[in-house]
Amino acid sequence: MKIQYPGLVVLILASLTGCGGNATTPPPIGCVSTSTVVCTKSGQVQGAIEGAFRAFRGIPFAAPPVGNLRWKPPAAPASWQGIRTATNFGNICPQTDFVGGVQGDEDCLTLNVYASNPPASSKQPVMVFIHGGGWVLGSAQAPPFDLIPLLASNGVIVVTVQYRIGLLGFFAHPLLTAEGNGSSGNYGLMDLIAALKWVHDNIAEFGGDPSRVMMFGQSAGSGAVQALLASPAAKGLFSSAGMESFAAPSGWAGSSLADAYPLYANFAPLVHCDTAADVLACLRGLTADTVVLTELLPGQFPYFYYNIEPNIVPEDPFTKLQQLGSPVPLLIGSNSDEAADQEDPGQPLDANGYAALIHSQFDPLLAGSGNQILSLYPATFDTTPRYTHIDVETDFYTTWETRNLARAASGAQRPAVWRYLFTHRYENDTYLNSLRAFHTAELYFVTGNFRVVYYTEVPYTPAPDEITLSNQIIGYWARFAATGDPNGAGAATWLPYDAVNESIMQLDNPVGALPGIGYRNAQCDFLATVP
């Protein structure tokens, strides 16, 4: 299993209390919302006006999952008196700092709200973004979602969410299952459901319409969206959904908790808690740094993801979406060069080296598959053998799965599915241009924030036509959040997707329908057969 780490990239089990009331009661007398002071169920928050939008950052939607609350469903946040400052981001959730240490804090279950300034005269649709990062990295404040003036000023309210990741978010264990009413391991998803519940109960005070909530995510965040589409615990908390650059095939998360336990079986022994009188107490007594450093040990925990258990994800999400369709309109797509950030496009690779690489990768997975892939992707398939290999990697890990889920979820008498392919190459940076439409490339256009693109650490100045493309993409996403249909405002027509016509919107200059039927169908048909 290959996890895309660079991507940066929601009815929970307890009701949220607030402002002296609970999740089903309005704020009590004395809680008065203004443009920058808003009354939530837990208390008043003070945001800031930042140009065309109002920003409220670091709002807790659940209690800190520390001590005895570690590896438990998120509890209600504590209420507060007076006005809480909400101008700074909260902590990111614990994760590697990439230099051998740990950054972040377990007290990280916060969200950020961006709303138009001045407040709109009517309730606006809401977009709740779930960050990616392979379920071990990322945050709600990493670029480009650290600043989203264009998206938030396009008639929508944007909410970005933190959730538990790594072992702290997805650790499954029989003792936790016994303690958790038959469930363990999906704590990160429980956090997202709690955040969606918070949005449902509080967003009207910020000017949002709780009946029009689009949840969308990228990479691992897209996988979370897929799981929540199939989750009975999240039902009714969103009206549309968006999945960017990841879709899980059937069986990806196993079939039961029994499949998850072996992934984490080494954890307790590694930290010497396996022989403790109270194993869970021992594990909960570890520092967050110890937990994260343990999950980073080479070869011990190859990947993290949600699992199949009775309460949050009781059945395979792909199978459920295939049987019933998406419960809401679904926008789904990927980028044409997702794997370009996994290998240097400029690294030399000739035709013989390319063929040898394909055989070494694929023959162990399926006998004879190397030759079949070489016939579908000859070295001359793209401009160089290296780019051709990037095409194979992209299609094997992202493209066919995206097509597979879009085909499975679409159909007559079902909510519409809208598929896109982002193909734009950054014009004003040589390195970014060489990566073509890389993993996360579309996010900067979705947000309109090019302050820091990818890992260049240098501000990017978009070309005029890139600003136009960003505005067009923002328009599609915002209209989809409002109505479940991205069309309107004179934009190029985006046709709904189905397994027969396979209409795909190409996001590039100019925006328009991708010619023909589908995209690399023969290649995707074969790759779907390779384990």
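This is a predicted model: local features need pLDDT of at least 70, side-chain atom pairs count only at pLDDT 80 or more; totals for chains, interfaces and linings use all residues.
Let's start with strands β11 and β12. β11 covers residues 124-130 and β12 covers residues 157-161. The two run parallel, and five bridges join them.

How many strands form it? There are 11, and the sheet is open. Read across, the order is β5-β6-β10-β12-β11-β13-β14-β15-β16-β17-β18. The pairing is mixed. At the edges sit β5, residues 48-50, and β18, residues 512-513. Each of those pairs on one side only.

Take β4, residues 44-46: three bridges join it to β7, and the two run parallel. Gln44 has Ile83 of β7 as its bridge partner.

On to the helices. Two packed helices are described by the angle between their axes and the distance between the axes.

Pair one is α11 with α13. α11 spans residues 351-362 and α13 spans residues 385-409. Their axes come within 9 Å and cross at roughly 20°. The two helices are therefore roughly parallel to each other, since angles under 35 degrees count that way. The crossing is right-handed. Who makes the contact? From α11 we have Ala351, Tyr354, Leu357, Ile358, Gln361 and Phe362. From α13 we have Pro385, Thr388, His389, Val392, Glu393 and Phe396. By class, that contact has eight nonpolar residues, three polar and one charged.

Pair two is α11 again, now with α12, residues 369-376. The axes are 8 Å apart and the angle is about 135°. Are these helices parallel or oblique? They are therefore oblique to each other. This crossing is right-handed. On the α11 side, the contact uses Tyr354, Ala355, Ile358, His359 and Phe362. On the α12 side, it uses Ser369, Gly370, Asn371, Ile373 and Leu374. The classes here are six nonpolar, four polar and no charged. Look at Tyr354, Ile358 and Phe362 of α11: they belong to the contact with α13, and they belong to the contact with α12.

α10 is residues 317-324. Here the axes are 7 Å apart, at an angle of about 40°. That makes α10 oblique to α13. Phe318, Leu321 and Gln322 come from α10, and they meet Asn404, Leu405, Ala408 and Ala409 of α13. Count the classes and you get five nonpolar, two polar and no charged.

Aromatics next. The count comes to 32 aromatic pairs. One of them is Tyr426 with Tyr460. How are their rings arranged? They are edge-to-face, 5.2 Å centre to centre, with 80° between the planes. This pair links distant parts of the chain, 34 residues apart. Tyr426 lies in the loop between β16 (417-422) and α14 (430-434). Tyr460 lies in the loop between α15 (441-447) and α16 (464-483).

Last, some backbone details. Where are the cis peptide bonds I want to point out? One joins Asn117 and Pro118, with omega about -5°. Pro118 sits in the loop between β10 (110-116) and β11. Another runs from Asn509 to Pro510, with omega near -5°. Pro510 is in the loop between β17 (504-507) and β18.

Then there is Ser219. Its phi is near 60°, a positive value in a residue other than glycine. You will find Ser219 in the loop between β13 (208-218) and α5 (220-229).

Technical notes. Residues are numbered from 1 along each chain as its sequence is written. Side-chain values use heavy atoms; hydrogens and water are left out. Two strands pair if DSSP finds at least two bridges between them. Helices (H or I, at least four residues) and strands (E, at least two) are DSSP runs, numbered from the N terminus. Axes are lines fitted to C-alpha atoms, for helices over the stretch in contact, and angles run from 0 to 180 degrees between N-to-C directions. Angles under 35 degrees count as roughly parallel, over 145 as roughly antiparallel, 65 to 115 as roughly perpendicular and the rest as oblique. A crossing is left-handed if the near helix is turned anticlockwise from the far one by less than a right angle, and right-handed if clockwise. Contact means heavy atoms within 4.5 Å. Ala, Val, Leu, Ile, Met, Phe, Trp, Tyr, Cys and Pro count as nonpolar, Asp, Glu, Lys and Arg as charged, and the others, Gly among them, as polar. Rings of Phe, Tyr and Trp (its six-membered ring) pair if their centres lie within 6.5 Å; planes under 30 degrees apart count as stacked, over 60 as edge-to-face and the rest as tilted.
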